[in-house]
Amino acid sequence: MAAGVTFLASGAVLVLEIVGLRLIAPYVGITLQTNTAVIGFALAAIAIGAWSGGAAADRRDPRALIAPLLVAGGALVVAVLPLVRFAGSLLTGADAGAVLLLAAVAVVVPAALLSAVPPMVVKLQLASLADTGSVVGRLSGIGTLGGIAATFVTGFLLIAVFPSSGILVGTGLVTAVAGAAVWVLLRRAGPGGAGRVPAALLLLAVAGSLLAAVAPTPCQEETAYHCARVVADPERDTGRVLVLDTLRHSYVDLADPTYLEFTYVRAIAAVTDVLAPPGEPLSALHLGGGGATVPRYLAEVRPGTRSLVLEVDPGVVAIDREQLGLETSEELQVRVGDARVGLAAEPAGTRDLVVGDAFGGLSVPWQLTTVEALRLVDRALADDGVYVANLIDHPPLAFVRAELATMRAVWPHVLLLARAPVLAGEDGGNVVAVASSRPLDEALLADALLAQDSTWQVASADEVAALAGDAQVLTDDAAPVDQLLTPYGVPDS
């Protein structure tokens, strides 16, 4: 019983930590700060629980406390779900206050209660001072194994099979039921030793499960990486918006692949329009899939174009196929996997175009921003190929400046497409960087932007050099993109 209780209590805390991050992501995004807040609060709760649990075990018979703590911890794991969802609807945004508050709501109290159980179990197992080391070491190891097992099972299995709500409710109910079973066993072992388990705690677990069913959620589907939903455009019957967490990620017109709603996508399309004579097919690699808007556009305006989309989230690919009408073929292929890994597997010199569109308004996959990653992009490009990347930042544009400096370390010709206020440093949002080993025709790009009904401007190579200035070149060893990014405002995407 001691081993089982320790294993379960420690494992439940790790399940709560992992799922808690996914629980708050739809409201505050997935950033380094979000991860840090959840991990930090979980560690704080473990420390508080272990310390206070050990102190309580010296003052009272632990047999009177273990079962109530398990039931209370399990009930609150269930209650976390509606609490976060109701609070999240009021605390949406990436500011530190919202991140910290939601992270605290998600993990602190239930994790502290469950972390108080192992030191109480240790107290009951100590028969003599001569066995102290082996007892503490054994139960500490069992608790750690519980955490490890919970981490791997949750990350590799549960999240792929069940929604976050189901994992939390299931974990909480299993823990609460285990607490009730421990109470029964301790009662049988000796009268009065098991203490009382207030019925209100069991009712809390049931009530939390019911509230979880009615709590507001922004998700239609929970994928392996995102809280996702597809929203119909009320002004366009065939228009659909793919929303991932807090970001309007992609717009797809089911009937007209050439209709481009987002202005940054029109800027990317303008770049593709000038790469070759009209209608001539290209070989394109897309880092990040989303709604596959650009691949569909190329397939329509440049028949015969061969596009390969690298998308890390299989759930997004499923949504593309089931709700956004994506049809793959020999000419438009989708490969599920990390874009950096996919880049490393790309044959050299085969792509006319590489499109980088994996960056969100709050989170940036740093492994795609570094000079090493961009060298892989350059290797995949033909001699006259072009890399075009969607970036999002706000004044003082520290991330954009660093990424431009990194691109300039790889390619001799780099331009920037953006709205005039962004180029003037007065506003933020999406910008599109264009890089190549061959000179890029700025006037031709400006005309292509106008043809796409875009008011964006082209910043020349000299202007890009001035904007990049002495900004840090990002490397695999040093890429502090989360600290550089200023995630204010609503990006165009």
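Helix α7, formed by residues 164-189 of this predicted model, contains 26 residues. From its first C-alpha to its last, α7 reaches 37 Å, close to the 38 Å expected at 1.5 Å a residue. The buried positions of α7 are Ser164, Ile167, Leu168, Val169, Thr171, Gly172, Thr175, Ala176, Gly179, Val182 and Leu186.

The unreviewed UniProt entry annotates residues 7-25, 37-57, 64-84, 96-118, 139-161, 167-186 and 198-215 as "transmembrane region". Two of these spans were examined in the model. Residues 37-57 are 100% helix and 0% strand, and the end C-alpha atoms of this span lie 30 Å apart.

The largest nonpolar core comprises 58 residues, of which Ile24, Ile66, Leu70, Val84, Val117 and Leu168 touch the most other members. At least two residues of this core are supplied by each of α1 (2-28), α2 (32-59), α3 (66-88), α4 (96-115), α5 (117-125), α6 (132-161), α7 and α8 (199-214). Helix α1 provides the largest share, 13 residues. A second, separate core has 44 residues, among them Val364, Leu391, Ala479 and Leu485.

The model also contains an open sheet of 8 strands with mixed pairing, arranged in the order β7-β6-β5-β8-β9-β11-β10-β12. Strands β7 (332-336) and β12 (457-459) form its edges, each pairing on one side only. On average, neighbouring strands of the sheet are turned by 20° against each other when direction is ignored. Within the sheet, β9 (residues 381-393) and β11 (residues 429-436) run antiparallel and are joined by 8 bridges. Tyr387 has Ala435 of β11 as its bridge partner. Helix α14 (residues 398-408) packs on the sheet, where it touches β9, β10 (413-418) and β11. The direction of α14 makes about 170° with that of β9.

Definitions and conventions: Residues are numbered from 1 along each chain as its sequence is written. This is a predicted model: local features need pLDDT of at least 70, side-chain atom pairs count only at pLDDT 80 or more; totals for chains, interfaces and linings use all residues. Side-chain values use heavy atoms; hydrogens and water are left out. Two strands pair if DSSP finds at least two bridges between them. Helices (H or I, at least four residues) and strands (E, at least two) are DSSP runs, numbered from the N terminus. Axes are lines fitted to C-alpha atoms, for helices over the stretch in contact, and angles run from 0 to 180 degrees between N-to-C directions. Contact means heavy atoms within 4.5 Å. The expected span of a helix is 1.5 Å times one less than its number of residues. Buried means under 20% relative accessible area, exposed over 50%, partly exposed in between (1.4 Å probe, protein chains only). UniProt positions are given in the numbering used here, feature names are shortened, and annotations may be inferred rather than shown by experiment. A nonpolar core is a set of buried Ala, Val, Leu, Ile, Met, Phe, Trp, Tyr and Cys residues joined through side-chain atoms within 4.5 Å.
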